[in-house]
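Hi everyone, thanks for coming. I'd like to walk you through one model this morning, so please have a look at it with me.

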Amino acid sequence: MQNKNAFICIDVGGTYIKSGIVIDGTIKEKHIDKSPCNLDDFISFIHKTYQDYSKNLNIISVGLGIPGIFNHKENIMKYATPSLSYLNEVPIKKELEKILLIPVFITNDANIVTIGEMKFGIGTKLDSAVCLTLGTGIGGGIYYKGKILIGDKGFAGEPGHINVKDNDRICSCGIRKGCIENYFSISSITGDVEKIKGKHYSMLDILHLAKDNDIDIINLLENSAYLLGKAVASILLTLDIETIILAGGLSRFYDFIIQDIRKGISDYAYTADYTEIDILKSSLLEDAGILGAYLLAKTEGKILF
Ligand SMILES: [Zn+2]
């Protein structure tokens, strides 16, 4: 790898940060660490990653995905996920470039997963799709004819906050109630299971229970997936994009949720055509973000529209 052109690719999560080195579209090395707890540690982590790799490689630039609403026009993190709130209103691109002295390209974490899936994963034969990242919350990326749509303010693609139930659960986005991520996310599903079963189960435990046909778990997944289908109907009515990709940890539940997602779409979309759309499962899982960050950096951010 000596002196090869390489890109540092980082997928920041609320709990873990995945970092890797990508050369010619291949992940050569990757690491998972606990996400930094404050701004100084966040900047030091990326600086140290750069110092380690730049000893033997010619680092061209850094691609970075951060969960939350990133303002692409001003390159400021508007609202990061709660555990990274120290990034709010920070001009993080400028801060990092000042220290690293190489370009840094940033977008929302769901956008890098979407780019990864479209260019290296399940979407490689498609020119458009909406990717939903089903994890701690629900993120989304709108990929349309080769580019990620970021919108006029740079905030496009926040499907987790589509309302699916009036006056119901309060959302972390503020005083709003009934956003879909309060019904179909790791935190909501583990919380609901705890209420039903009287003890905490991890997502993997819940997956095993579903595979064992636990009726409580199956019912819960079906009801939550129906609401997700309702949210997907809103996306389809707005965008008329024929493929939805389910990514993130909860995409592992694909076989248990697909029918009820379709039922939700069928009950809430305007035309029966939407019930026949393709709903695909991520093929890259954890690597999608790193590979998407690579293309974000390699295209110098031009993959964003
Ligand atoms: Zn919300």
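Predicted model: local features only at pLDDT ≥ 70, side-chain atom pairs only at ≥ 80, totals over all residues.

Residues are numbered from 1 along each chain as its sequence is written.

Let's start with the domains. The bounds come from an automatic or database domain assignment, which gives domain 1 (5-112 + 286-298) and domain 2 (125-281). Their C-alpha centres lie 26 Å apart. Where they meet, 13 residues of domain 1 are in contact with 15 residues of domain 2; contact here is C-beta atoms, placed from the backbone, within 7 Å. On the domain 1 side, β5 (68-71) and α3 (109-120) are the elements that give two or more residues. Helices (H or I, at least four residues) and strands (E, at least two) are DSSP runs, numbered from the N terminus.

Now, at what angle do α5 and α6 pack? Helix α5 (residues 203-211) and helix α6 (residues 215-239) pack at about 105°, with axes 8 Å apart. Axes are lines fitted to C-alpha atoms over the stretch in contact, with angles from 0 to 180 degrees between N-to-C directions. That makes α5 roughly perpendicular to α6, a label for 65 to 115 degrees. Ile206, Leu209 and Ala210 in α5 meet Ile217, Ile218 and Leu221 in α6.

Next, helix α2 (residues 92-100). Ile92, Lys93, Leu96 and Leu100 are buried there, meaning 20 or more other C-beta atoms within 10 Å of their own, while exposed means 12 or fewer and partly exposed is in between. Among the elements covering the buried residues are α1 (39-54) and β4 (58-66).

Finally, phi. Most residues other than glycine have a negative phi. Leu101, which follows α2, has a positive phi near 65°. Asp24 has a positive phi of about 50°, in the loop between β2 (16-23) and β3 (26-34). Asp24 is exposed, with 11 other C-beta atoms within 10 Å.

Thanks, everyone!

Methods. Parallel < 35°, antiparallel > 145°, perpendicular 65-115°, else oblique. Contact = placed C-beta atoms within 7 Å.
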